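Let's take a walk through this fold together, going from helix pairs to sheets and then to the ligand. Keep the viewer open as you read.

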Amino acid sequence: MTSKSPAAAVRATVHGYPRQGQHRELKKAIEGYWKGRVTADALRDTAAELRRGNWRQLAEAGVHEVPTGDFSYYDHVLDTTVMVGAIPARHRAAVAADPSPSSRLRSSRGCPIDVYFAMARGTQEAAPLEMTKWFDTNYHYLVPELGPETVFTADSTKQVAELREALALGLTARPVLVGPVTYLLLSKPAPGVAADFDPLTLLDRLLPVYEEVLADLRAAGAAWVQLDEPALVQDRSPAVLNAAARAYRVLGTPADRPKLLVAAYFDRLGDALPVLAKAPVDGLALDFTGAAAANLGELAAVGGLPGKRLVAGVVNGRNVWINDFEKSLSTLGTLLGLADRVDVSSSCSLLHVPLDVTAERDIDPQIARWLAFARQKATEIVTLARGLERGTDTIAAELAANRAALASRAGSALTYDPAVRARAAAVTDADTRRSQPYAERAAAQRAQLRLPLLPTTTIGSFPQTTGLRTARADLRTGRIDSAAYEERIAAEIRDVIGFQEKAGIDVLVHGEPERNDMVQYFAERLAGYLATQHGWVQSYGTRYVRPPILAGDISRPEPMTARWTRYAQSLTDRPVKGMLTGPVTMLAWSFVRDDQSLGDTARQVALALRDEVNDLEAAGSSVIQVDEPALRETLPLRADGHAAYLAWATEAFRLTTAGVRPDTQIHTHMCYAEFGDILRAIDDLDADVISLEAARSHMQVAGELAGAGYPREVGPGVYDIHSPRVPSAQEVVALLRKGLEAIPAERLWVNPDCGLKTRGWPEVTTSLENLVAAAREIRAGL
Ligand code: GLN
Ligand code: ZN
């Protein structure tokens, strides 16, 4: 890297910041409000205090331009729905019917806060908006419902109020909005609207509303407004690209508008880059991290952004690792030649990372210096901006510290375990193949397991009762000792096994009472993973998760599950399924390393899990389930990345499971997914049995698998565990009949959609009894 000659003023900024506060004050205030314990005014004050705290934190770090409007009581896509007036009638009506005094708190002019929360959470009368993943992150947004009758009206109250708050602090502030094209592409047809309705057809109706909001923000003092268009980093048709061109031609036209910065992140812009580069907007914010680093070459290929501002996202907003300053400065140096003005930013909102590493007391300081959470990332951005503006010698100390921290990470025994490396390097194709083809294994398993037709089973967890959670908390605080805790777990397993025997279930589970979370439990037992105490990240609404950090080479110091599985098996003559989380899901729901490929990391995790699978078999398990609910969600955003991803993902699953005897039955489980585009990969897993979410889609997946010629056993879910509703035996019978149209009885299993951990015992008891009754009724008629 060369020391660049000083450039024009370079600003440091971010696209957004964690909303929750250091102690998740926002969660507490909102949940308190829902329970009637926190008043509307107190909630509003807490929210305003958190926003001010965030802006001060950013300003103190030296950030020149802070984002506004990124705060949310629940979700920024839902805020956009309010901003454009697309509130479904059912939610307005539900709250109008219940005029509680709390409706006084208005999130905005047209939307009382209770209507807002009704959209998010539903009411007795009105189902909530559907929730789905925000691109390939673990953040969930609320899906707007639109139709040909939708009338948009501008409501900029929230955006204007938050801008004014930041300006009142004397800060330079830039409102951040979800852009109109992304908003429509993320929407779906409202209930009752034809399924083939394309929300993008509403663009011309939506643009005047955005123009009005932009004018309001301008009047309130916004020099710049950011419009986020991450949907344009996915493969898009010429029609969508034309719509984007039209949108920004329209929004760019008015003379009295604020300057427009269009942001895209999570991948490269591809064909959308020339479209936005030519649009009459004033700047682009692009991601230059990970797969999106290809933006650099693509930007050069379109001749850069002459006359425009480029906000360069060189600090990764999705991982927890310190930046590589030299690499970023070299990228920034190249970018200086490609735009009129270059500013430095995070790749995306910092909403996806925890707030502050310095809050972590249990992470070894030698390792903590490899980590950067939101607060540290803001400081990195400021440092890079300074280096770019004034020359690298002005950040010599920071560069030296950065170089030393990166070197300590690369040379650490945590990140480089020769034994793990050697074992991973020695993996052969044969290690990833069962010793016999499926048909022969199936026969051996039938002989060994002697299950009835349409065998019944569950997905693994039974209700995580308050009793269990309290016992875990008591163990943590020392109120009970580990012997008392283990007796509590053993008692739960006895109950769960006893219940399943009595209910007549064929393949039992131990119920997972000892597991706090299906990823965290294993992360705590594998060498190479770190846990955080305060590393909360918003998953949706007031739900926050603390993903473990996959920091180093992965190995398994000792067996992780065999003991409780063996105990459960000792209580019954029926088979008890061993239960593990698969390698892809272990990566997807963690912060992964950025210093080796995902495939290499997955292989290490797979080898550790393979030992566990083999131990379970040796301990007497004849059925072992390896859950991969995240297989579909980790699929790269662009189709040209799918094949490589699916190759390493399916290989990791097979490496985990292929070491067992032919008569040991391997199950897998998936949920939260449209399976259509991974049917081939599901086959490549070579599992003997797969259970999938299917109750809500009326067994659609059974038909899809059959259509794709899937030859193995399938358990499409017949009990929707996302609702407390108890399905009747007749409903289950109907679903099974539907399943039998696609899958022959010899290959059909009967099971719920997913684990039962979020449900209560009374519903679970009746639901599973009905499920067994339904299976028996069908068997009797075969
Ligand atoms: N075995 C897990 C459970 O039952 C699976 C959970 C999941 O797929 N999300 O809880
Ligand atoms: Zn599931």
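What is the handedness of the crossing of α19 and α21? The crossing is right-handed, where a crossing counts as left-handed if the near helix is turned anticlockwise from the far one by less than a right angle, and as right-handed if clockwise. Before going further, note that this is a predicted model, in which local features need pLDDT of at least 70 and side-chain atom pairs count only at pLDDT 80 or more, while totals for chains, interfaces and linings use all residues. Residues are numbered from 1 along each chain as its sequence is written, and chains are lettered from A and ligands numbered from 1 in the order in which they are written.

Back to that helix pair. Helix α19 covers residues 482-503 and helix α21 covers residues 562-570; their axes come within 10 Å and cross at roughly 45°. Helices (H or I, at least four residues) and strands (E, at least two) are DSSP runs, numbered from the N terminus. Axes are lines fitted to C-alpha atoms, for helices over the stretch in contact, and angles run from 0 to 180 degrees between N-to-C directions. α19 and α21 are therefore oblique to each other; angles under 35 degrees count as roughly parallel, over 145 as roughly antiparallel, 65 to 115 as roughly perpendicular and the rest as oblique. On the α19 side, Ile489, Ala490, Ile493 and Ile497 make the contact, and on the α21 side Trp564, Tyr567 and Ala568 do (two residues are in contact if their C-beta atoms, placed from the backbone, lie within 7 Å). By class, the contact of α19 with α21 has seven nonpolar, no polar and no charged residues. Here Ala, Val, Leu, Ile, Met, Phe, Trp, Tyr, Cys and Pro count as nonpolar, Asp, Glu, Lys and Arg as charged, and the others, Gly among them, as polar.

Another pair is α23 (residues 598-618) with α24 (residues 642-657), packed at an angle of about 20° with their axes 7 Å apart. That angle makes α23 roughly parallel to α24. The crossing of these two is right-handed. The residues in contact include Ala602, Ala606 and Val613 of α23, and Trp648, Ala652 and Leu655 of α24. Their contact has ten nonpolar, three polar and two charged residues.

Helices α4 (residues 89-96) and α5 (residues 113-121) come within 9 Å of each other, axis to axis, and cross at roughly 125°. This makes α4 oblique to α5. From α4, His91, Arg92, Ala94 and Val95 meet Asp114, Val115, Ala118 and Met119 in α5. That contact divides into five nonpolar, one polar and two charged residues.

Now for the sheets. Strands of a sheet pair through backbone hydrogen bonds, either parallel or antiparallel. One open sheet has seven strands in the order β1-β5-β7-β8-β9-β10-β11, with parallel pairing (two strands pair if DSSP finds at least two bridges between them). Its edges are β1 (65-68) and β11 (339-346), each pairing on one side only. Neighbouring strands of this sheet are turned by 25° against each other on average, direction ignored. Four bridges link β1 with β5 (residues 172-178), and Glu65 stands opposite Thr172 in β5. Helix α14 (residues 374-390) lies across β10 (305-315) and β11, running at about 155° to β11.

β16 is joined to β17 (residues 623-627) by four bridges, and Met579 has Gln625 as its bridge partner in β17.

Finally, look at ligand 1. It is surrounded by 13 residues, of which Ile459, Gly460, Ser461, Pro629 and Gly755 are the closest; a residue is near a molecule or strand if its C-beta atom, placed from the backbone, lies within 6 Å of it. The shell around ligand 1 has six nonpolar, four polar and three charged residues.
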